[in-house]
Amino acid sequence: MAAPDRRGWPLELGPADIEALAGAVAARLAAFEAGRAEAPTTDMEGLGPLLAAAAAPPPEAGRPLEDLLDLVMAGAAKGFDTGGPGFMAYVPSGGIVSSAVAEMLALGLNRYTGIAAAAPVLAGIEAGVIDWCAGLFGLPGPSRGVLVSGGSIANLTATVTARTRRLGDDLAGARLYVSAQGHHSVAKAARVAGLPRDAVRLVPVDRALRMDPDALAAMVAEDRRAGLRPFMAVGTCGTTNTGALDPLPEIAAICRGAGLWLHVDAAYGGFFRLTERGRARTGGVEAADSITLDPHKGLLLPYGTGCVLVRDGDALRDAHRMDATYLQDLTDLGGVPDFADHSAELSREFRGLRAWLPLHLHGVAAFRAVLDESLDLAGHVHDALAQVPGLEVPWRPELSAVGFRVRTDAGVADPDAAGARLLARINASRRVFLSSTVIGGRYTLRVCLLVHRTHRDRVDEAVGIIRDAARAELGARAGVG
Ligand SMILES: Cc1ncc(COP(=O)(O)O)c(C=O)c1O
């Protein structure tokens, strides 16, 4: 149903206005979703007029809704769609529509969930999602968690908690360990948490790009001998580059022995735990003192949903709780946590609904199926690319990311430069969108599968595009498979 061409909608909308407004948006969303499969994976043309229109200040009197939606939808078609079926770059965010609809309701209700007493049942909905997440990793009852805006803030929240528990107010000589393949948000968290740059020590990785636990143990011992204060190690459950899984049981044993806080960054890999294969491969996460999850990755939710879990819930609370006289009327409900006491936010949006509604509406099996499919597709991509002359696929994927590169014996003078040209050719297809990284000093392309709209047909098409691009770039010289 198209909204009537009205200007200056009142701020206080009546039922018919609400339905017209939401209906017009829903119609646009439905059309966008229907067109996603055939839309180009990237489009940067004609940005100028759209950027100018986007920058226009709001008018004194309102403008027609359809004009505004026209601009938004034209804008949404630019750049790259990180939830489209051809998007296999970075770590995708599928963005299921049921979650967006839940979010509309959550924002429409606009209930305050920082303090449970303000909306006990809605806060309870959010707490239920967090408890379910904690249960996936076998965290005990006293654990607590909070939904935050993403993995970076989850890593920050965990770092602040570990810092408070293990270092108190004296940060001198603090040392935090993360593998050289860890996500940069860990170092950023350390910086924002007030630690100096040299507090972060990068632990070398093995050939499979997993943290070398012997190197970790040696670095911790060396730092202790030097009078420094190792306090935290971060293991990664699914590195961004290749989905490598750090050896968490070994790392946990080292942390126990040395009194370090073990944080596991499971932003990418955590929800693979829902699958049988993922559960088998991610053993050891349950030993963590704190865990980062990113529902806007592995649970396919729209951007803006991260999660941090802390085994000792009091540690999370002690690190974040402050008293304020102007909040003295708000009573502690007991049972339902006050999220404002467990994170840096006081006012916060009601993030629980965007996770709770899809989980209950579709059921957990629907999410498990997508993650299983992503694992299958990644294995298929690995095997298919291993057959492409001139390319090598050095790491069998443990999750859904596959790294590949131009072989040094592919017959080109500069294999890394050829890799960069290969990426440009592939992305120029506008049917598949990949990204690159550098691993062990080598330019490496990545395929990362984590969108529920991506299936075998698009993956086969992507492999064909990569094969054709490799043939065009490397030519007949790339005779080696
Ligand atoms: C392993 C890992 N940790 C943390 C992050 C940061 O998460 P966010 O982008 O949600 O802040 C990412 C993002 O890709 C990641 O892959």
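Trainee: In what sense do strand S8 and strand S9 pair, and over how many bridges?
Mentor: S8 (residues 290–293) and S9 (residues 306–310) pair in the antiparallel sense, over four bridges. Two strands pair if DSSP finds at least two bridges between them. Strands here are DSSP E runs of at least two residues, helices are H or I runs of at least four, and both are numbered from the N terminus. Before we go on, this is a predicted model: local features need pLDDT of at least 70, side-chain atom pairs count only at pLDDT 80 or more, and totals for chains, interfaces and linings use all residues. Residues are numbered from 1 along each chain as its sequence is written.

Trainee: Okay, and which residue stands opposite serine 290?
Mentor: That's valine 310 in S9.

Trainee: What's the order of strands in the sheet?
Mentor: Seven strands form an open sheet in the order S3-S9-S8-S7-S6-S4-S5, with mixed pairing. The edge strands are S3 (144–148) and S5 (200–203), each pairing on one side only. From one strand to the next, the twist averages 20 degrees.

Trainee: Which strands does helix H6 touch?
Mentor: H6 (residues 151–167) packs on the sheet and touches S3, S4, S6, S7, S8 and S9. Contact means that C-beta atoms, placed from the backbone, lie within 7 Å. The direction of H6 makes about 25 degrees with that of S9.

Trainee: Switching to helix pairs: how do the axes of H6 and H12 cross?
Mentor: They come within 9 Å and cross at roughly 90 degrees, H12 being residues 313–320. Axes are lines fitted to C-alpha atoms, for helices over the stretch in contact, and angles run from 0 to 180 degrees between N-to-C directions. So H6 is roughly perpendicular to H12; that label covers 65 to 115 degrees, while under 35 is roughly parallel, over 145 roughly antiparallel and the rest oblique.

Trainee: Which residues meet there?
Mentor: Val160, Thr161, Thr164 and Arg165 in H6 meet Ala315, Leu316, Asp318 and Ala319 in H12.

Trainee: And what about H5 and H13, at what angle do they cross?
Mentor: Roughly 65 degrees, with the axes of H5 (residues 120–136) and H13 (residues 352–362) coming within 9 Å. That makes H5 roughly perpendicular to H13. Among the residues making the contact are Leu122 and Ile125 of H5 and Leu353 and Trp356 of H13.

Terms used. Contact = placed C-beta atoms within 7 Å.
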